[in-house]
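Dear colleague,

I am passing on the structure below, together with some notes on what turned up when I went through it. Please read the notes with the coordinates open beside you.

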Amino acid sequence: MHVDGNEVQDGNQRIPTVGLDHASAALSYRTNQLGFLYEMARLHGPVVELWPGTVLVTGPEEVHSVLKNTNRKFSKDRDLRLRKSKATPGSQKLTEWMSTRRTVIASMTVEMLDEHAVWLSKMTDELADQMLRRRCINDITATLERVTSMSIARFCFGSRDAAAIPRTAQAMLDALFPIFSSPYEFPPYLKLAQPREWRANRGIRKMHAEVLSAAKSSGEGGLVDVLYRSGLDDTAMADAMTAILLAAHSVPAAATAWALVELARNRDEQELARAAATEWRSSWAEPPALGWVVDETLRLWPPTWVSDRAVDEGGVCGSWRLPPRSRVVLPFWVIHRLAECYVEPATFNSRRWEHLSPPPGAYVPFGGGPRRCLGARFARAEIITMLAVLLQRLSFRVEGEGTLDARTTLSPKGFELLVSPR
Ligand code: HEM
């Protein structure tokens, strides 16, 4: 590889750079992550180097190629605490995780999802009562989290006593927040000296202890039975459960919160969604028009708005060859707003999904390839159930200028959701 003016040449395609020095680019990123990445993609195209060793990839073909080749040419190289993951390509740990993933996905059967939808609709009904009593909800994601956190605990532990899990998971996410939301990458020796790291370690230990205690309590069913039957020992089971419980605690709540905000600010959309909600029958099967609301919400407001990969061995994506050991940034929020794939990309229009079939890599709210979100099916059924029950019971309006919080999970912020009976 050699540097030529402000362009880096490698293989057949030149990777442009953004033309800013490292400090200025990093500062612009820190000041406005979404805006900066969107602008860089708009100005420089599908692949651009943000600063040495960090490449922004937003072209659908290139995104698809990175996601598809994960675990081979690209790797997810960081764990929950953003430390170097032990599940590197070719390692025993990665083989075990891939097998656990298959087991979890296989456990999300139609029967399981149908049964869970009945339970979840009762919980959402109680939530609707609480929302009606409050009338004005300004912590929309946190309000919905009360249901999604219990929902994933039930999925994981069946009828066992998992009452302490939602609180412990929240404490763990709070402990991880400073690590996730920090724009700085500290070297390992500095990390060890940081109180935020100690808190995250304590959080993981507490979470593992709580998972094992719930698993050993009396009761039956849930993912825990499936994982033990598949041969996992206590440590591997607690690791897998921790990843799943944290991933499912608030992300589906944020997605549902965005859907409610969008429906509340658009009466026509709300009436169409309500008409579809009345067709819903406590099952995982979704009325198409409600499915389009979910598709559109996840396009415009993907709660997990960014992911990344490490380039292992000069990974090729599209017609580009990325420098080995560089990092690829995949901003799903930006990718979903590309004008070449979506008409009026910034507008919420659920009807576009009636005939829309985006090209591979252009619609990736759950990521893609071998490390695609393993809870996608469960999450979708969860969002549909919550929306259907809430729309059957309530009407929504929204007040407040409202904005977004992208420090970790992308969530609505500053909106007041006004709730009234239908
Ligand atoms: C609307 C809800 C959700 C969204 C938008 C979402 C999105 C994502 C995304 C974008 C990734 C990263 C994929 C990548 O880097 O290619 C991911 C990973 C993951 N998600 Fe979800 N997720 C949701 C709900 C859930 C739920 C309910 C669960 C558990 C049942 C879950 C479990 C996981 C796990 C364990 C991973 C890591 C997978 C791996 O690295 O192999 N997610 N999710």
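Strand 11 (residues 327-331) is mostly covered, with four of its five residues buried, where buried means under 20% relative accessible area, exposed means over 50%, and partly exposed lies in between (1.4 Å probe, protein chains only). Helices (H or I, at least four residues) and strands (E, at least two) are DSSP runs, numbered from the N terminus. Before going further, please note that this is a predicted model, in which local features need pLDDT of at least 70 and side-chain atom pairs count only at pLDDT 80 or more, while totals for chains, interfaces and linings use all residues. Residues are numbered from 1 along each chain as its sequence is written, and side-chain values use heavy atoms, with hydrogens and water left out.

Strand 11 has partners in both senses, where two strands pair if DSSP finds at least two bridges between them. Strand 5 (residues 54-57) runs parallel to strand 11 and is joined to it by three bridges, with Val 55 standing opposite Val 328. Strand 8 (residues 306-311), by contrast, pairs with strand 11 in the antiparallel sense over five bridges, and there Val 306 has Pro 331 as its bridge partner.

A separate note concerns an open sheet of three strands, which has the order 7-15-12 and antiparallel pairing. Its edge strands are strand 7 (136-137) and strand 12 (394-399), each of which pairs on one side only. Six bridges hold the antiparallel pairing of strand 12 with strand 15 (residues 416-421), and Ser 395 has Ser 420 in strand 15 as its bridge partner. Helix 5 (residues 110-134) lies across strand 7, strand 12 and strand 15, running at about 105° to strand 15; axes here are lines fitted to C-alpha atoms, for helices over the stretch in contact, and angles run from 0 to 180 degrees between N-to-C directions.

Thr 124 belongs to helix 5 and, at 0% relative accessibility, counts as buried. Leaving out residues up to four places away in sequence, Thr 124 touches Val 147, Met 386, Val 389 and Leu 390, a contact being heavy atoms within 4.5 Å. Asp 139 sits in the loop between strand 7 and helix 6 (140-157) and counts as partly exposed, at 28% relative accessibility. Its contacts, apart from neighbours within four places in sequence, are with Arg 134 and Arg 146, and its C-alpha atom is 8.8 Å from that of Pro 412, although the two are 273 residues apart along the chain.

Two helix pairs deserve a look. The axes of helix 13 (residues 267-277) and helix 16 (residues 376-393) come within 9 Å and cross at roughly 105°, and the two helices are therefore roughly perpendicular to each other (angles under 35 degrees count as roughly parallel, over 145 as roughly antiparallel, 65 to 115 as roughly perpendicular and the rest as oblique). Gln 270, Ala 273, Arg 274 and Ala 277 of helix 13 meet Ala 388, Leu 391 and Gln 392 of helix 16, and these residues divide into four nonpolar, two polar and one charged, with Ala, Val, Leu, Ile, Met, Phe, Trp, Tyr, Cys and Pro counted as nonpolar, Asp, Glu, Lys and Arg as charged, and the others, Gly among them, as polar.

In the other pair, helix 12 (residues 251-265) and helix 14 (288-300) pack at an angle of about 105° with their axes 9 Å apart, which makes helix 12 roughly perpendicular to helix 14. The contact involves Ala 255, Trp 258, Ala 259, Glu 262 and Leu 263 of helix 12, together with Val 293, Thr 297, Leu 298 and Leu 300 of helix 14; by class, it has seven nonpolar, one polar and one charged residues.

Cys 373 is found in the loop between helix 15 (332-335) and helix 16.

Lastly, some backbone details. Most residues other than glycine have a negative phi. Asn 71, although not a glycine, has a positive phi of about 80°; it lies in the loop between helix 3 (60-68) and strand 6 (74-75) and is buried, with a relative accessible area of 15%. Ser 282, also not a glycine, has a positive phi of about 40°, and this residue, in the loop between helix 13 and helix 14, is partly exposed, with a relative accessible area of 29%.

With best wishes
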